[in-house]
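Hello,

Here is the structure I promised to pass on. Please open it first, then read my notes below.

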Amino acid sequence: MQGLRRYPNDVVHLDLTPPSSTTNLSIDGEESSEARIQRLISEHPVIIFSRSSCCMCHVMKTLFATIGVHPTVIELDDHEISALPLVDHDESAHADSPRNPAPAPAVFIGGTCVGGLESLVALHIGGHLVPKLVEIGALWV
């Protein structure tokens, strides 16, 4: 692995300086918050957007871990949280009905916003969380 050096007594040093060449994981500096969030949602089957040190995010991660899923967790600044996609709480709602911003923390499963902790727990208690995770390939049975 590049950037790792072994020292005596089994000490490993990780060099965190950025490499001189660009990698596939580079982030476009001109990418807007909305575009970056949409890209992340499409790239990860289960992703949680949270504020730093959010206890509800910890509960979400613990719930997923007990099921056997390890979501990607992204901590957002306040101005980035406002860039989260809007959520339709009622699929049958009319196009002109108000949509609410996704709560923080917000969990997306298979590109669809589930909502916050309360919605995730309700999905789990209702017996719909595991089938949804299996359906998107985040969990194997």
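From the N terminus on, the elements run β-β-α-β-α-β-α-β-β-β-β-α-α. That makes five helices and eight strands in the protein. Please keep in mind that this is a predicted model.

Some overall values come next. The protein has 141 residues, and 30% of them count as buried. It exposes about 9700 Å², with carbon and sulfur atoms supplying 54% of that area. Take the contacts between residues at least 6 apart in sequence: 55% of them join residues at least 24 apart.

Now the sheet. Four strands form an open sheet in the order S4-S3-S7-S8, and the pairing is mixed. Strand S4 (72-75) and strand S8 (112-115) are the edge strands, each pairing on one side only. From one strand to the next, the twist averages 25°. Strand S7 (residues 106-109) and S8 run antiparallel and are joined by three bridges. Look for Val-107, which stands opposite Gly-115 in S8.

Two helices lie across these strands. Helix H2 (residues 55-67) lies across strand S3 (46-50), S4, S7 and S8. H2 runs at about 165° to S3. Helix H4 (residues 117-125) lies across S7 and S8, at about 95° to S8.

Next, the interior. In soluble globular proteins, nonpolar side chains tend to be buried together. Here the largest nonpolar core has 19 residues. Those with the most contacts inside it are Phe-64, Val-107, Ile-109, Leu-129 and Leu-133. S3, H2, S7, H4 and helix H5 (129-136) each give two or more residues to this core. H2 supplies the largest share, five residues.

Which residues does Phe-64 contact, leaving aside its neighbours within four places in sequence? They are Val-46, Ile-48, Val-69, Pro-71, Val-107, Ile-109, Leu-120, Leu-129 and Leu-133. There is also a second, separate core of twelve residues, which includes Leu-40, Phe-49, Ile-81 and Cys-113.

One more residue to look at is Ser-50, in strand S3. Is Ser-50 buried or exposed? Ser-50 counts as buried because its relative accessibility is 1%, and buried means under 20%. Not counting residues up to four places away in sequence, Ser-50 touches Cys-57, Ile-74, Glu-75, Leu-76 and Pro-105.

Best wishes

Definitions and conventions. Residues are numbered from 1 along each chain as its sequence is written. This is a predicted model: local features need pLDDT of at least 70, side-chain atom pairs count only at pLDDT 80 or more; totals for chains, interfaces and linings use all residues. Side-chain values use heavy atoms; hydrogens and water are left out. Two strands pair if DSSP finds at least two bridges between them. Axes are lines fitted to C-alpha atoms, for helices over the stretch in contact, and angles run from 0 to 180 degrees between N-to-C directions. Contact means heavy atoms within 4.5 Å. Buried means under 20% relative accessible area, exposed over 50%, partly exposed in between (1.4 Å probe, protein chains only). Accessible areas come from the Shrake-Rupley method with a 1.4 Å probe; for residues, only the protein chains shown count as cover. A nonpolar core is a set of buried Ala, Val, Leu, Ile, Met, Phe, Trp, Tyr and Cys residues joined through side-chain atoms within 4.5 Å.
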